[in-house]
Amino acid sequence: MSEPCDLKVVGRSVPKVDSMGMACGLEQYVGDHDLAGALVGYIVPSPYAHARIRRIDATKARALQGVHCVLTWQDVPRIAHTTAGQGWVEPSPYDTFVLDSKVRFVGDRVALIAAETREIAEEAGRLLDIDWEVLEPVLDDRRAFAPGAPVIHDEPEARMPITAPYLPKENTPAKAHMGDGDVDVELAKSHLVLRQEYSTHYAQHCPIEPHVTLGWMDSRDRIVLVTSTQVPFHARRISAQALGIPVRRIRIVKPRIGGGFGAKQEVLLEPVMAALVLATRRKILMTLTRAEEFVSRTRHPVRTGLDVGFNADGTINAVRMRVLSNTGAYGSHALTVMCNCGSKVLPLYRMNAVEFEARAVYTNLPVGGAYRGYGATQAAFAMESLMDVAAERLGIEPVELRRRNHIREGETSPVFAALGEGKPGVEQRIGSCGLPQCLDIAAKEIGWAEKRGKPGSGPVKRGVGMCALMQGSSIPEIDMAAVSLKMNDDGSFNLTAGATDLGTGSDTVLAQIAAEVLGVGADEIVVASSDTDLTPFDVGAYASSTTYLSGEAARKAALDVAGQIRVVASAMLGGPAEGLSLRDGAVFAPDGRRVTLAEVGLRSLYEVDQHQIASTQSAISHKSPPPFSAHFVEVSVDTETGQVKVLKYVATVDCGTAINPKLAEGQAEGAVLNGVSFALTEEYIFDENGRMRNPNFADYKIFNTTDLPEMRVILVPTWERSGPFGAKSVSEICINGALPAIANAIHDAVGIRLMVAPFTPDRVLKALKEKRG
Amino acid sequence: MITAYHQPRALDEALALVARGAVPLAGATGLYTGKPRRDTAYVDITRCGLGAVEVAQDRLVFGATATLTRILDADLPGHEGALVKKGAASVSSRPMRNAITIGGNLTHVAFWADMPVVLLALDAQVEVTRPGGAVSVLALSDFLSQGTRAFDGGLVTRVFVPRRAGTRGFGHERFSRTSNDYAFATACAALRKENGRAFEVHLVLGALQPRAFRATAVEQMLEGRPLDDALLAEAGRKVSETVPVAPNFRAPAEYRRELAGVLSRRALAAAFAQAKEA
Amino acid sequence: MRFETRVNGAARQVDCDPGATLFEVLRALGLNGVKQGCDREGMCGACTVLLDGEAVLSCITPAPRAAGREVTTIEGLGDPGRPHVIQKAYVDAGAVQCGYCTPGMILATKSLLDRRPDPTREDIADGLSGNLCRCTGYVKIVDAVNAAAAALREGSK
């Protein structure tokens, strides 16, 4: 889309279509559907981190009153697949079975049970007669690929479906190596070379609604799954694959869902539910408890090593990034998160040479999956902390150091072409970059100049820190979205889309885009989404693709429908169709005569040359234009207790056009706070056997209203030509800023450099002591 | 399994049920967590008129089932009142405080219980009533050390906090990761000041052991002395070096030990600053 | 066991197990606005309802505690045809994203504003302290509470 123009609906904060229903408690989530007669589905969890099931006998379990079905690995097809909700062919190893004779982390699937109640199911689980061969677990990512380490995936069926290194014997499901130019030569001629390693930790998305699926067989022997998913079409395909049944035999419906953040970009419950529903032919509800949710999918812990060479003026000569990602017991998203560490961080700065070397390892720990930020969160911590270290060593102001290096409009980076998701990426030029304004505005808003280097007296010190960020918008040449639009008698429209609204408001955003094209208000567009029988395809909500890609499909569908409307209207008004314009719910001739859309609707459906005005359009992207963001943070550090508090957080965001500003701000605000608790209070505590000790909200701390910093999100509009009405994405980027900005602020306050997250009080205190020497 | 849920309207009815083996329940916030218990009958005592908060001349009187919210809303005079409120406000979240009772927080032994910490510093007393009407009043320290024996077969009915006519000063320092998290360590100090010296020093430490306790050795070290910066620092060090810290998987013992020292120093300093010369 | 209660102004006879929670009883009555988000720790607040106007966590509240008392669920506050001022404020402020915490959050807001018609920042933080939200960062929720408070004060003039 070429130029900014006078927009009527896009750019307005229209209320989200489902907000009122939600505020009245009337919108339906999975658990709110008709549950009459439903059994409870239950996954018997493994008590061991690594063990073989030599023998499993379900006789006593099946005999328990109230048990309808017990499935062990012998009762289900043995078809290797991935649970990663990604497009076919998935860039994740096929290393998972619905049930296996081996368990690979505490909580892994041992058996599936359908029973009258959860209590009965759990009792049945305890009645399973199992001969275990307990194996030595791999709990240290650094030792996972050492010679002699126990092999976690020794099954012959495990394979990588795309051409990419897969080395299960080394517990290495993914490796990548790309480069451009000669890094060592560039480092050698650099004025300053910094070699540092940073590491991030396990965390969980904590959607307030855990994974949940309701399933049944319909009257036509099809499996219907109403499920809390971000990826309905991938869920359908992968469930069919895992059970060896045709795709057409499954229908996946996503109702309202209670958050995802990437946890639900995983085909986790659907295959097991399909198996149980097929076996029992009963309606079954499977809900993960909060404890089970914590070990469902997580954020990959990542160690990021950086070698960066700077000139004396602060410009970067070269970056070598070395990533070690702990993907846990299964390899879903292993390759892609690992690659995104590089692809969403390295292009931010200009450099003469770049090298990216990465390995993902299996461990007998909970599985890393897709989590908002998707590798960028982990690697940005390293890069943006190192930039701060460089700024200090070079005597250059940190914001200025970013200004001297960051990519600008019209520029490109070799990383775009070289580093995709498991294969070469896609070259692109930056079409829009508001980072300079982002930096200026945020610095002023936080009071950067006034507060920098002024820790104050007393035991509680204050500091400010900042970082610069980029992300992406969709996966170019891979992601596809389709939207259908049809016209009704009254001039309103039904829009159906595969696109998945997980609370992000995508239904509303798509309605706004279509409404803008059609010259109507957003409430003239009735949206239905995410039903594999009734809506066209969409990869789903991930990679920050919905506004950018599904939005573009909506725009194209609306344009096509608008063209059909003009044809009908020109028959009514006379004159060429091209000369007519749509606005205010009507079609106008150049001389001002008009027909309403209702008149067009009635005529086209009932009166003359009757036909359904409708269109289905698809969109793929040829680039992934990055949103940009600058985060500036003020913290206090209690030097006697080590407690770090965020006092003020300013995030400026360039997401191109914000189709719905309040929704865009809401995405940024939620992501920011998630980042803050990730940096300060969220952590997994494992015992020596690999069991998570704190899978509950009492002991795994996310923030409530009494923990809030003062937060300001400021949208900085630019115009991205390749996006619908100039839009890019906004949903992920803001989770990436807290780790580096807070670490940098802590350094400003007390002069310690934290390289291991989270910044717990005991870590801070220890670092303070070491500094005092 | 919960086999019965009684809701008597009078104390003697409640006591009769307790005598027959029903387990008393007030806030009930812990009832549904944890492993399923064997079949149990419960008696909910929140409708027996035990929820009042009263201010008498010489003491504050809290009915055992007074919720923390009711306590926070009450008009409680003096530093004593403020300390009780500080303790109550540090517990969990608003809806939890709408249910959690002062009696429940004393009888349900958990290392993170916040009310015993402030109440111990306040020399609180606990009234226990037994079936048949027998009433006994124990010092809180005795109550805590006796464990469930202190109220087995009976009910905690009231908690008394003596009012010392403003002669004592208090300090309360609680450390947690988020604001409604369990405490990692809490220090609560109380003392009287005379001629610039501290007397009747209480230093209560919470969240370090299964029950709150007084750091008596440190108290003795401070008794009768002016609490200047040097002495306070020494007290903090003595706390760090000597107090027993039970293991807690959320934070290393070394760290909590150090924290206890810092919090003790700060609490003592605050108490000393607050105390008015007699 | 049997007891009488009032739910959203209507008298109700409840017949349930003695160990039933208020959450279970309300869901059995078809009041699906109460949601479950934690393992009966009372830590997420998605199950919040009002008992005699005070916010309680229905997942850890024994059902019989509602005997003889007033229970208010989100369905009792308003519907899309006639939404309560607080519901409208949440919608207009953009404070509803996935909506799963929203009913509990709105009820906590009602209880807060009934007590404190002109709440300070601390009052609001305290009033909503039992309700976790992972989507919004709470920013627009606080905006909604302030807007609702102002509208209610205006309306009561």
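In this predicted model, β10(B) and β11(B) form a hairpin with 2 residues between them, and N195(B), which sits in the turn, has a positive phi of about 50 degrees. Strands of a sheet pair through backbone hydrogen bonds, which may be arranged in a parallel or an antiparallel way.

Two bridges can be followed residue by residue here: H172(B) has C188(B) in β10(B) as its bridge partner, while E173(B) has A187(B) in β10(B) as its partner.

These strands belong to an open sheet of 4 strands in chain B, with the order β9-β10-β11-β12 and antiparallel pairing. At the edges stand β9 (168–175) and β12 (213–214) of chain B, and because each has a single partner strand, one side of each is left without a neighbour in the sheet. As for β10(B), 8 of its 10 residues are buried, so this strand is largely enclosed by the rest of the structure. Helix α10 (residues 253–274) of chain B lies across β9, β10 and β11 (197–206) of chain B, and the helix runs at about 150 degrees to β9(B).

Stepping back to the chain that holds this sheet, one finds 10 helices and 12 strands in chain B. The radius of gyration of chain B is 19 Å, close to the 19 Å that the globule rule gives for 278 residues, so chain B is as compact as a globular protein of that length. Its C-alpha atoms fill a box of roughly 60 × 45 × 30 Å along the principal axes, and buried residues make up 53% of the 278 residues. If one takes the contacts in chain B with a separation of 6 or more, 64% of them are between residues 24 or more positions apart.

Chain B also touches chain C, and in this contact 19 residues of chain B meet 22 residues of chain C. On the side of chain B that touches chain C, the elements giving two or more residues are β1 (2–6) and α4 (94–97) of chain B, and β1(B) gives the most, with 4 residues. The residues on this side of chain B divide into 10 nonpolar, 7 polar and 2 charged.

Chain C itself is assigned two parts, domain 1 (2–76) and domain 2 (85–155), whose centres, taken over C-alpha atoms, are separated by 21 Å. In the contact between them, 17 residues of domain 1 of chain C meet 13 residues of domain 2 of chain C, and β3 (48–51) and β4 (54–57) of chain C are the elements that give two or more residues to the domain 1 side. By class, that side of domain 1 of chain C has 9 nonpolar, 6 polar and 2 charged residues.

The domain assignment of chain A gives domain 1 (19–28 + 480–620), domain 2 (33–135 + 211–287) and domain 3 (303–423 + 432–471 + 625–772). The centres of domain 1 and domain 2 of chain A are separated by 38 Å, taken over C-alpha atoms, and their contact takes 16 residues from domain 1 of chain A and 21 residues from domain 2 of chain A.

Notes:
Residues are numbered from 1 along each chain as its sequence is written. Chains are lettered from A and ligands numbered from 1 in the order in which they are written. This is a predicted model: local features need pLDDT of at least 70, side-chain atom pairs count only at pLDDT 80 or more; totals for chains, interfaces and linings use all residues. Domain bounds come from an automatic or database domain assignment. Two residues are in contact if their C-beta atoms, placed from the backbone, lie within 7 Å. Ala, Val, Leu, Ile, Met, Phe, Trp, Tyr, Cys and Pro count as nonpolar, Asp, Glu, Lys and Arg as charged, and the others, Gly among them, as polar. The radius of gyration is taken over C-alpha atoms; the globule rule is 2.2 Å times the number of residues to the power 0.38. A residue is buried if 20 or more other C-beta atoms lie within 10 Å of its own, exposed if 12 or fewer, and partly exposed in between; C-beta atoms are placed from the backbone. Two strands pair if DSSP finds at least two bridges between them. Axes are lines fitted to C-alpha atoms, for helices over the stretch in contact, and angles run from 0 to 180 degrees between N-to-C directions.
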